[in-house]
Amino acid sequence: MDRIVSGALLYAGMNMKSGVTTATTALRWRWLIMCMLTLTLALFPHEALFALPLIVFSAAAALLKGIWIINDFMELKHAPPMLRRMLMLWLLLTTSAVTTAALWQS
């Protein structure tokens with residue numbers, strides 16, 4: 001029985017010594033990248049807020065972070081397809097509206 005459990009844990013990607021799965025490591029890296037993106041955008045000079053490259057970078061970062069949050073942190077990767085489509089559509093519409101408003105002002 002012990003061999004079956006250890007084999008299943010190895011198959012799931014769990015390191016038996018540390019107890020950290022590869023999925024947990026991936027989530028930690030994504031969390032770190034999302035924090036770095038947020039800090040990069042927050043620490044930009046305010047007079048450069050309406051520069052076209054910054055607007056495009058901000059929109060791309062928001063979409064990437066939103067997709068990661070929906071799929072991984074809200075754990076909706078295996079949710080019903082209709083729910084995922086509705087959330088992705090909401091994310092796309094919201095990001096598009098904010099990006100359009102920022103481009104309109106610049």
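View 1. Arg30 has a relative accessibility of 28%, so it counts as partly exposed (buried means under 20% relative accessible area, exposed over 50%, partly exposed in between, with a 1.4 Å probe and protein chains only). Please keep in mind that this is a predicted model, where local features need pLDDT of at least 70, side-chain atom pairs count only at pLDDT 80 or more, and totals for chains, interfaces and linings use all residues. Residues are numbered from 1 along each chain as its sequence is written, and side-chain values use heavy atoms, leaving out hydrogens and water.

**View 2. Arg30 meets Asp72.** These two residues form a salt bridge, with their closest N and O atoms 2.0 Å apart (a side-chain nitrogen of Lys or Arg within 4 Å of a carboxyl oxygen of Asp or Glu). Arg30 sits in helix H2 (residues 22-42) and Asp72 in helix H3, so the pair ties together parts that are 42 residues apart in sequence. Helices here are DSSP runs of H or I with at least four residues, numbered from the N terminus.

**View 3. Lys77 joins in.** A salt bridge also links the side chains of Lys77 and Asp72, at 3.1 Å from N to O. Lys77 is partly exposed, with a relative accessible area of 44%, while Asp72 is buried at 10%.

**View 4. The neighbours of Asp72.** Leaving aside residues up to four places away in sequence, Asp72 touches Leu27, Arg30 and Lys77, where contact means heavy atoms within 4.5 Å.

Definitions and conventions: Helix = DSSP H or I, 4+ residues; strand = E, 2+ residues; numbered from the N terminus.
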